[in-house]
Amino acid sequence: MVIEINWIAFLQVAVAALLGAVAIVSFYALGLRMLVRAGRVPLVTPAEFTDAITVISEKELRRAEKQAAKAAKKSPLTDAQKTLALVAAYGCFILCGLAVIGGILLIVIGH
């Protein structure tokens, strides 16, 4: 029994996976950056886990919320620029989602 590997197909899959990963991470990072520029700093409260290594305290949470509100007020952008940054952020998140859905469809349909 001889097993042959199609190295060209392997290389195509490796390049497609690398480009897909770079695209998804880039769109998500750019979306987060635009969201912050729009004055909507994403603040996620930590979940309580029984075996957590570190848990943020209420004081640290209040301080982080205060810093996020202060950063949103200090933005030098006009309201139109903030709106444009928010639209760009949502556009980046949509592109990120479309890249994920496209990859799933490529796996399911194009195999």
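Start by selecting Cys 96: its relative accessibility is 10%, so Cys 96 counts as buried (buried means under 20% relative accessible area, exposed over 50%, and partly exposed in between, with a 1.4 Å probe and protein chains only). A note before you go on: this is a predicted model, in which local features need pLDDT of at least 70, side-chain atom pairs count only at pLDDT 80 or more, and totals for chains, interfaces and linings use all residues. Residues are numbered from 1 along each chain as its sequence is written, and side-chain values use heavy atoms, with hydrogens and water left out.

A disulfide is a covalent bond between the sulfur atoms of two cysteines. The rule used here asks for a pair of cysteine sulfur atoms within 2.5 Å, and by this rule the count is 0 disulfides.

Next, zoom out to the whole protein chain. Its secondary structure comes to 3 helices and 0 strands, running α-α-α from the N terminus (helices are DSSP runs of H or I with at least four residues, strands are runs of E with at least two, and both are numbered from the N terminus). Of the 111 residues, 11% count as buried.

Select helix α3, residues 79-108, and find Ala 88 in it. Ala 88 is partly exposed, at 31% relative accessibility. Then pick Leu 32: Ala 88 and Leu 32 are 56 residues apart in sequence, and 10.0 Å apart in space, C-alpha to C-alpha.

Move along to Val 108, also placed in helix α3. Val 108 is exposed, with a relative accessible area of 54%. It belongs to a nonpolar surface patch of about 970 Å², whose members include Ile 94, Leu 98, Ile 101 and Ile 109. Patches are made of residues with over 30% relative accessible area and no salt bridge, joining like charges within 9 Å and nonpolar side chains (Val, Leu, Ile, Met, Phe, Trp, Tyr) within 5 Å. Accessible areas come from the Shrake-Rupley method with a 1.4 Å probe, and a salt bridge is a side-chain nitrogen of Lys or Arg within 4 Å of a carboxyl oxygen of Asp or Glu.

Last stop: select Arg 62, in helix α2 (residues 58-73). Arg 62 gathers with Lys 59, Arg 63 and Lys 66 in a surface patch of positive charge.

Methods. Lys, Arg positive; Asp, Glu negative; His and termini not counted. Charge placed at Lys NZ, Arg CZ, Asp CG, Glu CD.
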